[in-house]
Amino acid sequence: MQNGDVVHYELKEFQLFEPLFRWARKKSLWIVAFCTGCGGIEMPPLATARYDFERFGIMPNPAPRMGDLFLITGYVTPKTLKRIIITYEMMQDPKYVLAHGSCPINGGVYWDSYNVVKQLDKYIPVDVAIAGCMPRAEAVMDGIMTIMKKIEDGTADGWKRYRENYEYYRKNQDELFGEGWREKDARRWLAWI
């Protein structure tokens, strides 16, 4: 190993500890919430005494570089999808995506709108999707419990699928935005994140 090399947790030497790492990851999820629409209104009850998601080690976090769980609530437009993709790529691996509500799954009530992205999972991998318009706080807690179980089982692997199938996701992104969109658009707002 050279000076400056990054020690990656996927190294063979660390595989023995992988179940411990997965258990620890599920117990300390930091949420980056991307509230694009009405779904954001279901988030504050999760932090109150009734649901108290902090008892599961879940914390809201505004910085994508320190977040593990990317929560996308509400409809997704092409303009917000650019920010979602850049934010997702800024997050460190392993990272997990929870699509909240029908809108990220199929457009929801905006299914026939020209300006709504109908399938979020064509652009970034989604680990758990919660259907409903709007899903109640109980459904969101159930979705979070599901993703915690998948993390412990090792089946929440969207971040691996994104790496392995990057060309597929990149092709879909470029078809929607045009080639070179990152250089044109992302550079404008990346500096102040």
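Strands β3 and β4 run parallel and are joined by five bridges; helices (H or I, at least four residues) and strands (E, at least two) are DSSP runs, numbered from the N terminus. F70 stands opposite V97 in β4. Between the two strands the chain passes through α3, and this β-α-β crossover from β3 to β4 is right-handed, a term used if, with the strands pointing away from the viewer, the path from the first strand over the helix to the second runs clockwise. The model is a predicted one, in which local features need pLDDT of at least 70 and side-chain atom pairs count only at pLDDT 80 or more, while totals for chains, interfaces and linings use all residues. Residues are numbered from 1 along each chain as its sequence is written, and side-chain values use heavy atoms, with hydrogens and water left out.

The open sheet has five strands in the order β2-β1-β3-β4-β5, with parallel pairing; two strands pair if DSSP finds at least two bridges between them. The edges are formed by β2 (59–60) and β5 (128–130), each with a single partner strand, so one side of each has no neighbour in the sheet. Parallel strands β4 and β5 are joined by three bridges, and the bridge partner of L98 in β5 is V128. Helix α3 (residues 78–90) packs on the sheet and touches β1 (30–35), β3 (69–73) and β4, where contact means heavy atoms within 4.5 Å. The direction of α3 makes about 165 degrees with that of β1; axes are lines fitted to C-alpha atoms, for helices over the stretch in contact, and angles run from 0 to 180 degrees between N-to-C directions.

Strand β4 is largely enclosed by the rest of the structure, because five of its five residues are buried (buried means under 20% relative accessible area, exposed over 50%, partly exposed in between, with a 1.4 Å probe and protein chains only). In a regular strand the side chains alternate between the two faces of the sheet. In β4, Y96, L98 and H100 point one way, and V97 and A99 the other. H100 lies in β4, which spans residues 96–100, and has a relative accessible area of 0%. Leaving aside neighbours within four places in sequence, the contacts of H100 include G39, E42, L71, I130 and V140.

D127 is in the loop between α4 (102–106) and β5 and is buried, at 7% relative accessibility. The side chain of D127 reaches the backbone nitrogen of V97 at 2.9 Å.

Side chains of opposite charge can pair when their charged atoms come close. There are 11 salt bridges, each being a side-chain nitrogen of Lys or Arg within 4 Å of a carboxyl oxygen of Asp or Glu. One of them joins E89 and R182 at 2.5 Å, N to O. Because E89 lies in helix α3 and R182 in helix α8 (residues 181–190), this pair ties together parts that are 93 residues apart in sequence. E89 is partly exposed at 28%, whereas R182 is buried at 11%. D127 forms a salt bridge with R161, the closest N and O atoms being 3.6 Å apart. R161 belongs to helix α6 (residues 158–164), so this pair links parts 34 residues apart in sequence. R161 is partly exposed, at 27%.

Definitions and conventions:
Polar contact = N/O pair within 3.5 Å; in protein donor to acceptor, adjacent residues only side chain to side chain.
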